[in-house]
Amino acid sequence: MSTPFPFTAVVGMDDLRLALLLNAVSPAVGGVLVRGEKGTAKSTAVRALSALMPEVATVPGCRFSCDPAAPDPRCPDGPHESAPGVSRPARMVELPVGASEDRLVGALDIERALSEGVKAFEPGLLADAHRGVLYVDEVNLLHDHLVDLLLDAAAMGASYVEREGVSVRHAARFLLVGTMNPEEGELRPQLLDRFGLTVEVAASREPELRVEVVRRRLAYDDDPAGFAARWAGEESALRERIAAARSLLPEVRLGDAALLQIAATCAAFEVDGMRADIVMARTATALAAWAGRTDVRAEDVRQAALLALPHRRRRNPFDAPGLDEEKLDDTLEEFAGEDGGDGDNDPDPDGPDGSGGGGGRPPESGPEGPDAPERDASGQDDTPERPEPRPEPEAGQPQRAGAGEQSAVQAAEPFRTKMLSVPGLGEGAAGRRSRARTEHGRTTGSRRPRGALTKLHLAATVQAAAPHQRARGRSGPGLVVRRDDLRQATREGREGNLVLFVVDASGSMAARQRMSAVKGAVLSLLLDAYQRRDKVGLVTFRGKDAAVALPPTSSVDAAAARLESLPTGGRTPLAAGLLKAHDVLRVERMRDPARRPLLVVVTDGRATGGPDPVALASRAARLLAAEKTASVVVDCESGPVRLGLAGTLATDLEGAAVTLDELRADSIAGLVRDVQGGQGAPGAAHGARGTNGPRRAA
């Protein structure tokens, strides 16, 4: 087994280390989500934590790590007789992004359950992580249903596995740690809320600290064992402090004044639900125990707020997580009681949890944060160049203009859109947009299993086994089942798609109110894509050419940032935009052939520049149609006189055409669910062209 990097040797990262240590002291805090750019020691710090966890005593031979002092009465390996336990180090179990549901929660042998009446259960990763650490790298890339199962187990302290009436339950209490890079996509707010604490990490811009990071890493790589030995004293001291804090935790008193400050803080920041209040209370209690005190003070409440609230304040995926510390201090001061503390905001300046002037605050906390000008990589104030946070002008007002282009305008207020979906039946990644064969959803039929059986179709299995009962010598009430009788249930649910936006940014769209409305519509569709778990991409065309403003990604907020700073002006190379989209889709089909694309062209249909631009655009559209690309044209033309060019483009694409008004979910006009009309054959992604011109929302 390789020697882990020592936890105490991690340079900086005070907020991350504090959050991990608080969860080690009190797992009831609810775990920690670590957000940050790549290469910031997120995984290194998490893996180093497991070496600090106290050893656990287990019942000999129990696959579920029952405590011999209080064995689980419902343990699948029980009941356990009184016997001395055996000690082992706390485990650090990693959940791979591509893990299956059975690998996470465990697998039941359905064949033995049906034929022998035996609950043959193979434990999963949740059982392995019981009383240890469960680490999920790139948790934002994990399928939503797996994240739901994971967080349910973490909240309840138990895992339940049910298959066709056969149920197994076992204890699953662990310290949950997830890491993610926000550039690769966000977690849904419901899932974010289930993590107790969140910290954001970024590489230091101080040359001295960066030098020390490199020096320690090189020393560790040259001699891992020797490097760890040099830090053994610090590791031992920290391990003893964790054990002491755990012992002290039951004696910590959470007074009414501290509870009032917690409730007032959550109310002041308009946090949804009550989970934030509970997490703050547990975190403040753990902070007091970590500082060696038996009373919770105002500084504990403040630090708990900085760790527990930033990610709970997001209202949509485009909001930057963060906390207004001035507002926080005002709230704590207003509701300070007699036992609210002395106002010292540094509970332990000598420990590894030094607050560093606002521990728990994300590096990008929004425009109101006191350190906003320092968030640029160079350490300089570069606010005018950043697409986020959003500028203050009213919708339709200019942000800035470059040479040869008109100023970018801010998007109008987003709205709820009608659903666009790809026709036919796909087999892509689970999502919420188009019909697909999935592991979860309504049962539509059965088939012979390919590999391990995961979802039994009971009726089909009984029907397959029934004709052979006499030949198999059935004599009792039980059914004699063979493996060849088992049938896998086929299910239909929803998949996520690749939604590729092709946005006209030419001079014909440059009227401020029109471009503001167009950006608002695209922003609304991006919100819809976020909720439906799609990948998104952005192609823009203006002047003489088209460009990929954002390659296909799961980060919808990155697409919103690129859209926000999009300038307008110049000619309308519509053909170039469509051909660029064709190139992007061709590459994505090779990378992920199961993910079906949905092309959304946002334009008024005009084409200018070059010889015969209209004919070129028509040929490019027919090229996309020939490859069965599901398409929808959002017609941005406005005014009393309309040329209907967007409708002609939709005809060439063999797709649907909708106006900005028809895109709204609350509009009177309806929008066909499949963007190309009809239902198409299974597996189809393309429908027939309408006979009376382009299809519009009907």
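## Legends to the close-up views

**View 1. C75 counts as buried, its relative accessibility being 6%.** Buried denotes under 20% relative accessible area, exposed over 50% and partly exposed the range in between, with a 1.4 Å probe and protein chains only. The model is predicted, so that local features need pLDDT of at least 70 and side-chain atom pairs pLDDT 80 or more, while totals for chains, interfaces and linings use all residues. Residues are numbered from 1 along each chain as its sequence is written, and side-chain values use heavy atoms, without hydrogens or water. The structure contains 0 disulfides (cysteine sulfur pairs within 2.5 Å). C75 accordingly takes part in none, and its nearest cysteine sulfur, belonging to C66, lies 3.6 Å away.

**View 2. The loop between β2 and β3 holds S65 and P79.** Strand β2 covers residues 56–58 and strand β3 residues 86–88; strands (E, at least two residues) and helices (H or I, at least four) are DSSP runs numbered from the N terminus. The peptide bond leading from G78 to P79 is cis, its omega being near 0 degrees. S65, although not a glycine, has a positive phi of about 55 degrees. Most residues other than glycine have a negative phi, and most peptide bonds are trans. S65 is also buried, with 2% relative accessible area.

**View 3. R533 lies in the loop between α16 and β16.** Helix α16 comprises residues 512–531. With a relative accessibility of 18%, R533 counts as buried.

**View 4. T540 belongs to strand β16.** The strand runs over residues 535–542. T540 is buried, at a relative accessible area of 9%. Neighbours within four places in sequence being left aside, T540 is in contact (heavy atoms within 4.5 Å) with V503, A546, A547, A549 and L566.

**View 5. D635 is part of strand β19.** This strand spans residues 630–635. D635 is buried, with a relative accessible area of 5%. The side chain of D635 reaches the backbone nitrogen of E637 at 2.9 Å. Along the chain, D635 and V658 are 23 residues apart, yet their C-alpha atoms are separated by 5.9 Å. C636 likewise counts as buried, at 2% relative accessibility.

How values were computed
A polar contact is a pair of N or O atoms within 3.5 Å; within protein, one must be able to donate a hydrogen and the other to accept it, and residues adjacent in sequence count only if both atoms are side-chain atoms.
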